[in-house]
Amino acid sequence: GFIAGRVISRQGDAYSERRWLLLGCVLVAATRGLYGVVPVAGVVVVLFAVGGFAASTTGIASTLIFQRWTPDHVRARAFSALQAANFAAVGISMAVSGVLLTELSPAWVCGVAGIVGLCALLIAFRVPPRRRDPDDHLELASEPASTGQSGLLLAT
């Protein structure tokens, strides 16, 4: 977590935060899926370290993205909802993993965890790099008229 925080803190724009979120999701899914496949304990320890870095990366990036998107007056409630969703996801995954372990081997459960982790990547791809303020379109719409440019606006 410390290393992920130091790495991400050096690049503080919305686009790099989104890239770290996507990279973290890929690494989490890959490491979780490989836990059950790799037969050498030393390699699994390295995978745990990479997975820990990746999980911290996604956590930090998602927090920064949430903070960047959320208006000040609802930020505390948004973070509470994010934490509740995270706790629910962990609780559900533990319950499902427990049930799966009675039917499947630990290697298969790790594989399933990796596949489910890819679903997080699909969701993360839908995260735009930054939010648009409600007043952005008003400011942008007035600029072309005052500078003589065309009315074509590019969304970011």
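Predicted model: local features only at pLDDT ≥ 70, side-chain atom pairs only at ≥ 80, totals over all residues.
At 22% relative accessibility, Arg75 counts as partly exposed.

**Salt bridges**

- The count of salt bridges comes to two.
- Glu17 forms a salt bridge with Arg68, and the closest N and O atoms are 2.8 Å apart.
- Because Glu17 lies in helix 2 and Arg68 in helix 3, this pair ties together parts that are 51 residues apart in sequence.
- Glu17 is buried, at 3% relative accessibility, whereas Arg68 is partly exposed at 34%.

**Aromatic pairs**

- You will find three aromatic pairs in the structure.
- One of them joins Tyr35 and Phe48, a stacked pair with 4.3 Å from centre to centre and 10 degrees between the planes.
- This pair links distant parts of the chain, with Tyr35 in helix 2 (residues 14-35) and Phe48 in helix 3 (residues 41-69), 13 residues apart.
- Tyr35 counts as buried at 14% relative accessibility, while Phe48 has a relative accessible area of 48% and is partly exposed.
- Phe66 and Phe79 make a tilted pair, because their ring centres are 6.1 Å apart and their planes stand at 50 degrees.
- Here too, distant parts of the chain are linked: Phe66 belongs to helix 3 and Phe79 to helix 4 (residues 75-103), 13 residues apart.
- Phe66 is partly exposed, with a relative accessible area of 29%, and Phe79 is also partly exposed, at 22% relative accessibility.

**The largest pocket**

- The largest pocket holds about 1,500 Å³ of space.
- Its lining is made up of 37 residues, and Val28, Asn86, Ala89, Val90 and Ala120 lie nearest the centre of the pocket.
- Helix 2, helix 3, helix 4 and helix 5 (106-125) each supply at least two residues of this lining.
- Helix 4 gives the most to the lining, with 14 residues.
- By class, the lining has 27 nonpolar, nine polar and one charged residues.

Note on methods:
Residues numbered from 1 in each chain as written. Heavy atoms only, no water. Phe/Tyr/Trp six-rings, centres within 6.5 Å; stacked < 30°, edge-to-face > 60°. Helix = DSSP H or I, 4+ residues; strand = E, 2+ residues; numbered from the N terminus. Buried < 20%, exposed > 50% of the residue type's maximum accessible area, 1.4 Å probe, protein only. 1 Å grid on protein atoms, 1.4 Å probe; cavity = no way out; pocket = protein on both sides within 12 Å on 5 of 7 lines; lining within 4 Å. Points joined across faces, edges and corners; volume = space filled by probe spheres on them. Nonpolar A, V, L, I, M, F, W, Y, C, P; charged D, E, K, R; others polar. Salt bridge = Lys/Arg side-chain N within 4 Å of Asp/Glu carboxyl O.
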